[in-house]
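Here is a friendly walk through a few local features of this protein. Have the sequence and the model open as you read.

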Amino acid sequence: MRAAPDLRLYAIVDPERAGGRGLADLARRLAADGATLVQLRDKRSETRAMIETARAIKRALAPLGVPLIVNDRVDVALAAGADGVHLGPDDMAVADARALLGSGALVGLSIKTVDAAETAPVELIDYAGVGGVYATLSKEQKSEPIGTEGFARVAAVLRRRAPGLPVCGIAGIDAANAAAVIGAGADGVAVISALSLAPDPGAAARGLREVVDAFLAKRGS
């Protein structure tokens, strides 16, 4: 049986939002300073280059014991030996990804609405990323942010259907608003710009982990 992923600080690295830094080194720095899970998100690179990047990140994270997730691309996750994949509503079906990756891989799913939470294949996923909670420049948002109240509604449906399913907030989260997301019921936060574009990504990771850990402790999680 797979262990539940630690979503406290889910760092997403993207070549378009890396401040010119190499992704493997950036991922290593973030993991060394508090990231508990790392995702490679790359919407532009060719497949071969993306696989090479994923392998480099996997090597950088291995000594730290932090898993690597690949956004969207099941083929890249398989080829690179990543720990799993994160899927959106327009990506490969969860059932197909699970069949290809096997029972030992981590599979995450983005969920934004109560209706999607009611129909998501919760028995096949290891965590849900709920949002966008806030506005973000890191990706094109096709609809309005759901806010912390919307997050709480979606998370409540998921926890009714799958009580132990870890849930993190996604989009526009930083040290100033992370506590509100945890207060709304999140097990952690997924972050791109507030980490990768910070002058000191390691310090930013430490600061965010402190906020998340403090409010999880306050909540009794």
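## Helix α4 and its end

Helices here are DSSP runs of H or I with at least four residues, strands are runs of E with at least two, and both are numbered from the N terminus. Please keep in mind that this is a predicted model, in which local features need pLDDT of at least 70, side-chain atom pairs count only at pLDDT 80 or more, and totals for chains, interfaces and linings use all residues. Residues are numbered from 1 along each chain as its sequence is written, and side-chain values use heavy atoms, leaving out hydrogens and water.

Which residues of α4 are buried? They are Val94, Ala97, Arg98 and Leu101, where buried means under 20% relative accessible area, exposed over 50% and partly exposed in between (1.4 Å probe, protein chains only). Seen down the axis of α4, these buried residues fall within an arc of 100°, so they line one face of the helix; the arc is that of the directions from the helix axis to the C-beta atoms. They pack against α3 (74-80), β4 and β5 (106-111), with contact meaning heavy atoms within 4.5 Å. On the face of α4 turned away from the buried side sit the exposed residues Ala99 and Leu100.

## A nonpolar surface patch

Leu100 also belongs to a nonpolar patch on the surface, together with Leu78 and Met92. The three have about 260 Å² of accessible area together, by the Shrake-Rupley method with a 1.4 Å probe, and for residues only the protein chains shown count as cover. Like charges are joined within 9 Å, and nonpolar side chains (Val, Leu, Ile, Met, Phe, Trp, Tyr) within 5 Å.

Methionine 92 lies in the loop between β4 (84-87) and α4 (94-101). Its relative accessibility is 34%, so methionine 92 counts as partly exposed.

## Alanine 24 in α1

Alanine 24 has its place in helix α1 (residues 23-32). With a relative accessible area of 22%, alanine 24 is partly exposed. Not counting residues up to four places away in sequence, alanine 24 touches Ala56, Ile57 and Ala60. The C-alpha atoms of alanine 24 and leucine 61 are separated by 8.2 Å, while the two residues are 37 residues apart along the chain.

Definitions and conventions. Patches are made of residues with over 30% relative accessible area and no salt bridge: like charges are joined within 9 Å, nonpolar side chains (Val, Leu, Ile, Met, Phe, Trp, Tyr) within 5 Å. A salt bridge is a side-chain nitrogen of Lys or Arg within 4 Å of a carboxyl oxygen of Asp or Glu.
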